[in-house]
Amino acid sequence: MTTALPLPPAYASPDLPVRRLLVDLETPLPRHWNGGDAFRTAFFNALSMSFPVGEQFFIDSVRAGLAALPVEARPRYEAEVRGFIGQEATHRRIHALFNGHLERQGLVNHWEPRIRRRLRGLEGKDIRASLAVTAATEHFTAILAEYLLGNPAALAGAETRLVTLWQWHASEEAEHRSIAFDLCRARGGNEVWRARFMRIVTFNFLADVFRQTVRNLWHDGELFRPRTWRSGWRLLFARGGLIRSIYRPWKRYFEPDFHPSQQDASRAERWLRDNGSAYAVVGR
């Protein structure tokens, strides 16, 4: 039998403004938009394919998690939940536009149907399960975001509008990284739930992004080219690569005293501060 954690301490809810991205998403994407690199393009395309359905699930989970709290406990989370929903809804819309270009290039999204099948398995289950999946995925995206913002080579040679899109998304993921975690704890989620669902999310995410990347490369005719996999090695496994860089912050999630606010988000804060011309804050 597991013991529920107490309510999280009263972290000051960060301001989560909803931003309207000011970039051109009407102009078609080049076939290898990520600096002419087939692997990097296929990998980021795969990530984007998972976002619209994933972001909607996160919105639904956090909204339901807030509603499941006692009335007197809701005010401490309400403002942050509104900001989270606004930001994620904007990400969903932007990546739907991005993915529309991929569809017109003939790429097929095989990842989204798998996500939908898994999500059906959560229907009718304890809301803590959906919140735990959301919290784990949000930590995953936050550490991926910090990597992306600290490694310009990942988007080297891409058009400015596309670099801006990915860096803006990354910055907001780091900005709202705590709310699903806090709601899960407020509903009684504990370290056992946290570890179990992070392992599930990690396995599914890594397997699915690899499968979709391979599918994209197959369609592109680049799957069996040595240069494709040299690029893949550099991006993922070489010194300073993605997998090496995110391992420690990923592992930190399993420690009993972990909270997402402990994860460094200075690069995200700096990007949002220094790139105000790239977006307009809704309501201001």
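I started with how α5 and α10 cross: α5 passes α10 in a left-handed crossing (left-handed if the near helix is turned anticlockwise from the far one by less than a right angle, right-handed if clockwise). Helices here are DSSP runs of H or I with at least four residues, numbered from the N terminus. Before going on, I noted that this is a predicted model, where local features need pLDDT of at least 70, side-chain atom pairs count only at pLDDT 80 or more, and totals for chains, interfaces and linings use all residues. Residues are numbered from 1 along each chain as its sequence is written, and side-chain values use heavy atoms, with hydrogens and water left out.

Helix α10 covers residues 266–274, and α5 packs on α10 at about 125° with the axes 8 Å apart (axes are lines fitted to C-alpha atoms, over the stretch in contact for helices, and angles run from 0 to 180 degrees between N-to-C directions). That makes α5 oblique to α10 (under 35 degrees is roughly parallel, over 145 roughly antiparallel, 65 to 115 roughly perpendicular, and the rest oblique).

Next I looked up α1 and α5. Their angle is about 50° and their axes are 13 Å apart, so the pair is oblique. The crossing of α1 and α5 is left-handed.

Then came α4 and α7, which pack at about 60° with axes 9 Å apart. This pair is therefore oblique, and the crossing of α4 and α7 is right-handed.

**Helix α2**

I checked the span of α2, residues 75–104. With 30 residues at 1.5 Å each, α2 should span 44 Å, and its end C-alpha atoms are 44 Å apart, which agrees (the expected span is 1.5 Å times one less than the number of residues). Just after α2, I found G106 with a positive phi of about 95°.

**The largest pocket**

I wanted the open space next. The largest pocket holds about 730 Å³ (on a 1 Å grid over the protein atoms alone, a pocket is an open set of points with protein on both sides within 12 Å along at least five of seven lines, a cavity is a set where a 1.4 Å probe fits but cannot get out, and lining residues have an atom within 4 Å of a point). Its lining has 35 residues, and S50, F58, W111, T137 and F205 are the closest to its centre.

Which helix gives the most to this pocket's lining? I found that α1 does, with nine residues. At least two residues each come from α1 (38–67), α3 (111–120), α4 (127–150), α5 (160–175) and α7 (191–220). By class, the pocket lining has 25 nonpolar, six polar and four charged residues (Ala, Val, Leu, Ile, Met, Phe, Trp, Tyr, Cys and Pro are nonpolar, Asp, Glu, Lys and Arg charged, and the others, Gly among them, polar).

**The largest cavity**

The whole structure has one cavity of 30 Å³ or more, and the largest cavity has a volume of about 70 Å³ (the space filled by probe spheres set on grid points joined across faces, edges and corners). Eleven residues line the largest cavity, with F181, C184, R185, N190 and R194 nearest its centre.

I noted that α6 (179–186), α4 and α7 each supply at least two residues of the cavity lining. Helix α6 gives the most, with three. The cavity lining divides into seven nonpolar, two polar and two charged residues.
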